[in-house]
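Have a look at the picture before reading on.

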Amino acid sequence: MAYALFDDNLYMLDEREFSHSKDSEDGVLMEGSKANDADIIPSSSIVKQLAVAVEAGLNYNSMKDLRASSRGSSPIRERASLSFSAMKSLVLREKEDKLASEFGADEKVLSVINALLNAEGPFTGRTVSGLEGQINATSLLKDIRGAPVESFVVKLAEAVGCLKTVQKMASFWSRVVAELRRLWYEGQYIPGIPPDNIPDLNSCLLYQQLQVINRCISRKTRHSAAVKSLESVEVQASSNVPCSSASGSTLPPDPCLYAKTKSGEVVLRLGADRECDNLTMLETGVPVYSPVLQEPPLLTEDLIKETEEFVLRTGSVGAGCSQLLSDMQAFKAANPGCILEDFVRWHSPPDWSENEATSELDDTSDCGDLSSGKGQLSRRMQKEGNLWRELWETSKPVPAVRQSPLYDEDLAVEGILDYLDTIPPSDLFKQLFIAVLGSGLVIADVTLSTNSNLSSFFNECKNYVVVTCQGHSWIEKLDDICQVYETVETMLLNKDEVINVTIQPEETAAAGEMRNRFKRLSLIFGGKNKSSSKTPSKDSTNTEENSGRQTFSLFSKKPPKPAASPSEKPSGSVENDWTIL
């Protein structure tokens with residue numbers, strides 16, 4: 001497979017598809033959308049280009065600095081800071097650059113971004129079918145902290161990986177952030193991101209932040225609906241005021257709107273959501289209603305770490321107290337006449353124990369002092385100075401929509417967008433690199449893990465990538481990771497060719513070239529140095545000699561573990577080229 005070409009629309013095309021539409025720009029977009037078939041992984045050229053960007057991004061503090069450097073940068077200065085293999089990757093693209101124009105006009109760039117942000121557009125992303133495939137995908141992406149295959153992050157990573165320089169990547173990213181900001185202002189969801197999920201801490205930070213943006217849109221929608229509902233209740237109550245009976249023993253006409261206190265007063269419920277099954281207030285016997293509550297803050301992994309450090313440094317638990325106080329105020333507003341025991345039974349059932357012996361008696365007794373007869377609070381709730389009791393005594397009946405917000409969605413999203421606009425380039429490119437890498441492995445896993453001839457080989461490739469990416473110094477092994485990924489791509493696109501290499505008794509030119517690649521991979525996987533690579537492994541010898549039993553076990557050792565034994569030497573600088581098949 002030859003390196004794919006870069007077109008003005010920034011999308012990577014497979015060589016077979018490009019050959020049918022290379023003279024038509026419209027054909028490029030049409031064929032590009034076909035590249036998203038479920039069984040085709042992102043091109044290794046994209047992975048390599050993002051690897052170049054990861055290394056180049058280390059020289060800049062923010063994306064703004066990177067964009068500003070485009071005027072004074074030159075290919076020679078840019079390559080001088082890259083590794084030898086990364087520079088070779090740029091040299092291989094010199095001929096391609098002559099066929100591709102410079103960064104397209106604004107209209108073309110915006111058309112690509114619009115295609116990415118259009119949930120119904122041609123670039124709908126890949127998917128993983130089957131329950132087993134989805135389980136394996138979840139496990140692998142969790143291990144490397146990637147992003148779901150069908151997510152916006154993966155599509156974005158592929159688009160960015162098709163650009164020729166990091167300066168163009170930075171310019172493209174700037175426009176993407178501007179479009180994300182526009183979607184937020186217009187209340188539109190980011191396609192490829194769940195609309196109402198809490199941040200997935202097993203995914204990359206970028207994916208978590210985009211989840212927060214979509215979740216905040218949903219929360220603002222729910223808040224607006226709750227405000228309208230409360231106003232509707234108040235209007236309805238003002239036009240239909242219930243009359244209390246002379247004895248004061250009857251309930252109001254509509255218990256969903258009103259509740260009776262211990263003194264017999266009828267009070268309007270505010271902010272009630274729904275009735276709780278089999279739960280009544282101890283003093284009045286009126287059904288307990290769950291209130292509409294303020295939603296808790298949305299915390300991504302970086303905010304969780306900051307919060308933990310703050311708590312350890314100051315000993316403060318203010319955030320938890322604020323949430324508890326808010327819940328108490330909402331509960332009081334929705335359940336006039338309630339007491340602390342009612343709130344505890346609803347909010348924290350384990351802190352309340354029922355008195356079974358007297359339950360039947362209490363059910364037929366008056367609404368006098370029922371709290372002591374029906375049960376009691378837990379020991380921690382009964383202790384003097386208990387925080388719950390102190391907060392309950394100070395709380396006022398205020399519905400959630402009229403409380404001071406615990407979490408400002410507008411402020412949170414603006415903070416995320418400002419951060420994304422100035423994110424360190426290396427941080428962004430590393431996440432995009434991992435996203436594409438994980439996407440390719442997940443898609444390949446569906447096909448190769450069920451192939452008896454290639455499953456063992458593929459699992460070794462996958463395990464190496466997982467273990468390497470879990471380490472702190474995986475950036476130093478970008479060349480090796482790209483080499484392994486390219487091999488997986490070859491296995492997926494040329495299964496028969498790869499299998500034939502292992503069973504051919506004579507070594508043809510093509511077979512010899514692929515065997516050389518496998519020898520280089522053996523160095524990567526086994527952690528051997530050059531001197532040890534001269535001696536073929538026992539497993540490789542057995543594989544070549546025994547052509548009748550196809551196991552495709554080409555590597556003498558399993559992928560390196562995080563803590564290597566003293567006898568194993570770390571992998572040195574392996575002289576390997578990115579082979580073009």
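The secondary structure of this protein comes to 27 helices and six strands; helices (H or I, at least four residues) and strands (E, at least two) are DSSP runs, numbered from the N terminus. Keep in mind that this is a predicted model, where local features need pLDDT of at least 70, side-chain atom pairs count only at pLDDT 80 or more, and totals for chains, interfaces and linings use all residues. Residues are numbered from 1 along each chain as its sequence is written, and side-chain values use heavy atoms, with hydrogens and water left out.

**The whole protein**
- Of its 581 residues, 48% count as buried (under 20% relative accessible area, with exposed meaning over 50% and partly exposed in between, using a 1.4 Å probe and protein chains only).
- Take the contacts (heavy atoms within 4.5 Å) between residues at least 6 apart in sequence: 74% of them join residues at least 24 apart.

**Helix 12 and helix 20**
- The axes of helix 12 (residues 205-239) and helix 20 (residues 409-421) come within 10 Å and cross at roughly 150 degrees; axes are lines fitted to C-alpha atoms, for helices over the stretch in contact, and angles run from 0 to 180 degrees between N-to-C directions.
- That crossing angle makes helix 12 roughly antiparallel to helix 20 (angles under 35 degrees count as roughly parallel, over 145 as roughly antiparallel, 65 to 115 as roughly perpendicular and the rest as oblique).
- By class, this contact has eleven nonpolar, one polar and four charged residues; Ala, Val, Leu, Ile, Met, Phe, Trp, Tyr, Cys and Pro count as nonpolar, Asp, Glu, Lys and Arg as charged, and the others, Gly among them, as polar.
- Gln209 lies in helix 12, and it counts as buried because its relative accessibility is 5%.
- Leaving out residues up to four places away in sequence, Gln209 touches Thr300, Asp302, Ile416, Tyr419 and Leu420.

**Helix 10 and helix 21**
- Nine of the nine residues of helix 10 (residues 152-160) are buried, so this helix is largely enclosed by the rest of the structure.
- The axes of helix 10 and helix 21 (residues 425-448) come within 9 Å and cross at roughly 105 degrees, and the two helices are therefore roughly perpendicular to each other.
- Helix 10 brings Val153, Val154, Leu156, Ala157, Glu158 and Val160 to the contact, while helix 21 brings Phe429, Leu432, Ala435, Val436 and Ser439.
- Sorted by class, the residues of this contact are nine nonpolar, one polar and one charged.
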